[in-house]
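Please have the sequence and the structure in view.

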Amino acid sequence: MGIAWGIIDLPDLDGIQIVWHPAYAAHLLIDSWPVDHGRAYGAAINACADAVVGTRTGEHARIAFIAAINEAEVEMLA
């Protein structure tokens, strides 16, 4: 499965979330993210969607997702 992108704690979800791939990252960003705006937030959604369809790498999406974590001040446990 590879290296986890992050282990995060989102206030609207029970328990921690382990993110392994861009599809799940996009799902969390769209459905459960504590904010729905911001430069990093938008870039992460686009990067994850692009990675899912193969026009960008998963590594690019992972970096964008981590930037969205930092922007939203989501607690990252690992």
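The model is predicted: local features need pLDDT of at least 70, side-chain atom pairs count only at pLDDT 80 or more, and totals for chains, interfaces and linings use all residues. Residues are numbered from 1 along each chain as its sequence is written, and side-chain values use heavy atoms, with hydrogens and water left out.

I begin with the helices. Helices are DSSP runs of H or I with at least four residues, strands are runs of E with at least two, and both are numbered from the N terminus. Two packed helices are described by the angle between their axes and the distance between the axes. For α1 and α2, the axes come within 8 Å and cross at roughly 145°. Here axes are lines fitted to C-alpha atoms, for helices over the stretch in contact, with angles from 0 to 180 degrees between N-to-C directions. Which residues meet across this pair? From α1 they are P22, A23, A25, A26, L29 and I30, and from α2 they are Y41, A44, I45, C48, A51 and V52; contact means heavy atoms within 4.5 Å.

Between these helices, α1 (22-31) and α2 (39-53), lies a loop that holds S32. Is S32 buried or exposed? S32 counts as buried because its relative accessibility is 9%. The classes are buried, under 20% relative accessible area, exposed, over 50%, and partly exposed in between (1.4 Å probe, protein chains only). Leaving aside residues up to four places away in sequence, S32 touches L10, L13 and H27.

I turn to charged side chains. Side chains of opposite charge can pair when their charged atoms come close. The structure holds two salt bridges, each a side-chain nitrogen of Lys or Arg within 4 Å of a carboxyl oxygen of Asp or Glu. One joins R56 and D50 at 3.9 Å, N to O. R56 is partly exposed at 38% relative accessibility, and D50 is partly exposed at 25%. The other joins R62 and E59 at 2.6 Å, N to O. Both R62 and E59 lie in helix α3 (residues 58-72), three residues apart, about one turn of the helix.

Finally, where is I16 placed? I16 sits in the loop between β1 (6-9) and β2 (17-19). With a relative accessibility of 46%, I16 counts as partly exposed.
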